[in-house]
Amino acid sequence: LLFRIGDNMATKAFDPSKFRNSLTKSIKGMSSGFNDPKDWISTGNFALNYLLSGDFRKGVPLGKVSVFAGESGAGKSYIVSGNIVKSAQEQGIFVVLIDSENALDEKWLHALGVETTDDKILKLNMAMIDDVAKTISTFMDDYRAMDEDDRPKVLFVVDSLGMLMSPTEVNQFEAGDMKGDMGRKAKALKALVTNCVNMFGSHNVGMVVTNHTYASQDMFDPDDKISGGSGFIYASSMVVAMKKLKLKEDADGNKTSTVNGIRAACKVMKTRYAKPFEGVQVKIPYETGMDPYSGMFDLLEAKGLLEKQGNRYKYIDSVGEETLEYRKNWTGEKLEMIMADLPAKEAQMVNIDNAAEEAVIDHNEEFAE
């Protein structure tokens, strides 16, 4: 702000604090500043974590909304209501599990390592989008009223979003007149997710949801389509599309004629923390469940970090040392070595790319002269 004092011009520094405080107090639910995620929850699979966040240990963040969509039996509930809930509980994050399918039995959750005591989880059975919205809105009003130091870390899990109904659908069912809801459900889902994103942003509260997909009828865009409209997808921070494939191999990797589990083909359709449209196949055997290293070898090979040399695979670490092993030996400890070394190696690769780019610029400038 400029003030004229006599014949001189003096500049007074602008203090935005009053303006910021006035806005945040007058507009409900608004916050200021940046809200980069501080708490991340593992999906239970290192390769999938890496594709989502760029870090093997980080999966989905608090403060955001993440979507796992796929056909029935693709492993959505296994990863979301199982692995992610378990990981959240291990970090001291309280879980509100909203079951719209009446399918999440306590025995099944226990088998996946989920604790179901009242101090760890609140399981709610709901059928209507409006009820979910009211529950989350009421919780957030109480949450904001708490002293900041007393606010817990909370994760909402909705399994599944696609099975929630709009009031129109409920009314039509009661009246015996099933004409459809004229797109009201898609609008309600968009409103739910958009409001949650805005409410969660500056707090240690997040949401992970599952949803259904249906086969694409577009020959030029063959990826499965996520039900419920595209509106809520725009507001979500992460979207993973999952497809169910048969796992026909035993624990040693030998081919079998029987189906021993599923291969969940996971493709990251949207993420703000890594490169999108990359995928990994995660094996989920019926007997043992998911190995957290499943898909890691294929991911590292696809990225050129594991190079085939004869009938073995080579990794060169950030200090130039080579490790050469048969494929079957690239498991646990060996993969942990790569996971620990990769950040330094990636930093080297960035420096090399930057140096090459600068060299090209210098060459072009010399040529122009």
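Biologist: Let's start with Cys-266: why is this residue called buried?

Modeller: Keep in mind that this is a predicted model. In it, Cys-266 has a relative accessible area of 2%. The label needs a value under 20%, so Cys-266 counts as buried.

Biologist: And what makes Cys-196 count as buried?

Modeller: Its relative accessibility comes to 1%. Buried means under 20%, so Cys-196 gets that label as well.

Biologist: On to Ser-81. Why do you call it buried?

Modeller: Ser-81 shows a relative accessible area of 0%. The cut-off is under 20%, so Ser-81 is buried. You'll find Ser-81 in helix α3, which covers residues 76-90.

Biologist: How do you know that the side chains of Ser-81 and Asp-159 make a polar contact?

Modeller: The contact between those two side chains is 2.8 Å. A pair of N or O atoms has to be within 3.5 Å, with one able to donate a hydrogen and the other to accept it, so the Ser-81 and Asp-159 pair qualifies.

Biologist: Which residues does Ser-81 touch, leaving out those up to four places away in sequence?

Modeller: They include Leu-97, Leu-104, Trp-108, Leu-109, Val-114 and Val-157, along with Asp-159. Touching here means heavy atoms within 4.5 Å.

Biologist: Now the largest pocket. Which residues lie nearest its centre?

Modeller: Glu-249, Ala-251, Gly-253, Lys-283 and Asp-291, out of 31 lining residues. The volume of this pocket is about 1,000 Å³. Elements that each give at least two residues to its lining are β11 (238-247), β13 (279-285), α9 (296-302) and α10 (332-368).

Biologist: How do the lining residues of the largest pocket divide by class?

Modeller: There are 13 charged, nine polar and nine nonpolar residues in that lining. Gly counts as polar and Lys as charged, so Gly-253 and Lys-283, two residues of the lining, fall into those classes.

Biologist: What about the second largest pocket: what is its volume?

Modeller: About 490 Å³. It is lined by 19 residues, and Asp-223, Asp-224, Ile-226, Ala-241 and Met-269 are closest to its centre. By class, that lining has 10 nonpolar, seven charged and two polar residues.

Biologist: And for the whole chain, how many of the 369 residues count as buried?

Modeller: The share is 38%, and the secondary structure comes to 10 helices and 16 strands.

Notes
Residues are numbered from 1 along each chain as its sequence is written. This is a predicted model: local features need pLDDT of at least 70, side-chain atom pairs count only at pLDDT 80 or more; totals for chains, interfaces and linings use all residues. Side-chain values use heavy atoms; hydrogens and water are left out. Helices (H or I, at least four residues) and strands (E, at least two) are DSSP runs, numbered from the N terminus. Buried means under 20% relative accessible area, exposed over 50%, partly exposed in between (1.4 Å probe, protein chains only). On a 1 Å grid over the protein atoms alone, a cavity is a set of points where a 1.4 Å probe fits but cannot get out, and a pocket is an open set with protein on both sides within 12 Å along at least five of seven lines; lining residues have an atom within 4 Å of a point. Grid points are joined across faces, edges and corners, and a volume is the space filled by probe spheres set on the points.
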